[in-house]
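Please keep the sequence and the 3D view at hand while reading.

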Amino acid sequence: MQFQPNHQNMQTGAVSPQMNHGGHEMFDVHEVLAGAVTTLNTYTIMSQHVQDPELKDIIQRQKQFMTDEYNTTLECFKTGQDPSIPTQSYKMHQGNDFTYGFQPTQPNKPIQSAAEINDEVISCSMLHSVKSGATAKTMAALESTNPVVRRVLADSVPNCIEMAYEISLYQNKHGYYQVPQLTQQDMTQMKNGYAPAQIQPPMGGTTSFH
């Protein structure tokens with residue numbers, strides 16, 4: 001038998017699926033949707049300045065995926081019910097190989113004109129937008145009372161992580177995203193600073209007497 005939800009408002013009675021949203025959820029999902037629009041706008045504006053075909057491929061694939069995900073989130077937020085197209089899983093095309101260490105570079109600073117927009121500026125804007133989306137979706141999911149909206153938001157967070165990882169890998173390959181690394185001695189000491197927790201027997205277990 002399928003469970004039928006029975007959401008109630010103490011003042012007005014039964015709550016319809018379309019209105020099945022708490023106050024925090026309304027504000028937080030509003031931020032998610034507004035942020036998604038801003039990210040898509042950023043991708044659209046930046047795409048015309050991309051020089052590297054690899055980055056152009058990333059920005060096109062991510063933009064299409066984020067557009068579909070935005071529509072899915074908007075639909076379930078409006079209806080309070082399962083969306084017609086469920087959340088998908090983003091698959092990046094990058095490998096997983098990072099190069100560690102720092103090379104001297106020019107100090108970073110804001111650009112002064114559109115003529116200074118390059119692939120580094122574009123990929124940095126993409127990464128910031130996707131990371132911001134991950135934070136907003138996580139916060140919104142924690143506050144969502146509607147179970148469908150909560151699930152859609154939660155399922156979309158790994159996609160933000162995957163897209164951010166893809167961008168950071170691209171940046172690292174081109175020297176835009178440099179990653180410092182501790183010495184092996186320091187890493188070993190930090191990793192060995194923790195030990196497994198002891199497994200405690202369950203409380204209230206039966207005791208055998210012989």
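## Helices H3 and H4

Helices (H or I, at least four residues) and strands (E, at least two) are DSSP runs, numbered from the N terminus. H3 passes H4 in a left-handed crossing, a term for a near helix turned anticlockwise from the far one by less than a right angle, whereas clockwise is right-handed. By class, 16 nonpolar, five polar and six charged residues take part in the contact of H3 with H4; here Ala, Val, Leu, Ile, Met, Phe, Trp, Tyr, Cys and Pro count as nonpolar, Asp, Glu, Lys and Arg as charged, and the others, Gly among them, as polar.

This is a predicted model, in which local features need pLDDT of at least 70 and side-chain atom pairs count only at pLDDT 80 or more, while totals for chains, interfaces and linings use all residues. Residues are numbered from 1 along each chain as its sequence is written, and side-chain values use heavy atoms, with hydrogens and water left out.

## Helices H2 and H3

H2 and H3 pack at an angle of about 25°, with their axes 12 Å apart, and they are therefore roughly parallel to each other. The crossing in which H2 passes H3 is left-handed. On the H2 side the contact (heavy atoms within 4.5 Å) is made by Leu55, Ile58, Ile59, Gln62 and Glu69, and on the H3 side by Asp119, Ile122, Ser123, Met126, Val130 and Lys137. Sorted by class, the contact of H2 with H3 has six nonpolar, two polar and three charged residues.

## The nonpolar cores

A nonpolar core is a set of buried Ala, Val, Leu, Ile, Met, Phe, Trp, Tyr and Cys residues joined through side-chain atoms within 4.5 Å. The largest one has 23 residues, and those with the most contacts inside it are Tyr43, Ile59, Ile122, Met126 and Val130. Two or more residues each are given to this core by helix H1 (23-47), H2, H3 and H4, and the largest share, six residues, comes from H4.

Leaving aside neighbours within four places in sequence, Ile59 is in contact with Tyr43, Met46, Ser47, Val50, Ile122 and Met126. Apart from this core lies another, of 11 residues, among them Val32, Phe77, Ala140 and Val149.

Gln62 is found in helix H2 and, at 0% relative accessibility, counts as buried, which means under 20% relative accessible area, with exposed over 50% and partly exposed in between (1.4 Å probe, protein chains only). Not counting residues up to four places away in sequence, Gln62 touches Tyr43, Tyr90, Met126, Val130, Met163, Glu166 and Ile167. Ser129, in helix H3, also counts as buried, at 14% relative accessibility.

Gly101, by contrast, has its place in the loop between helix H2 (53-79) and H3, and counts as partly exposed at 32% relative accessibility. Gly101 and Leu182 are 81 residues apart in sequence and 9.5 Å apart in space, C-alpha to C-alpha.

Terms used: Axes are lines fitted to C-alpha atoms, for helices over the stretch in contact, and angles run from 0 to 180 degrees between N-to-C directions. Angles under 35 degrees count as roughly parallel, over 145 as roughly antiparallel, 65 to 115 as roughly perpendicular and the rest as oblique.
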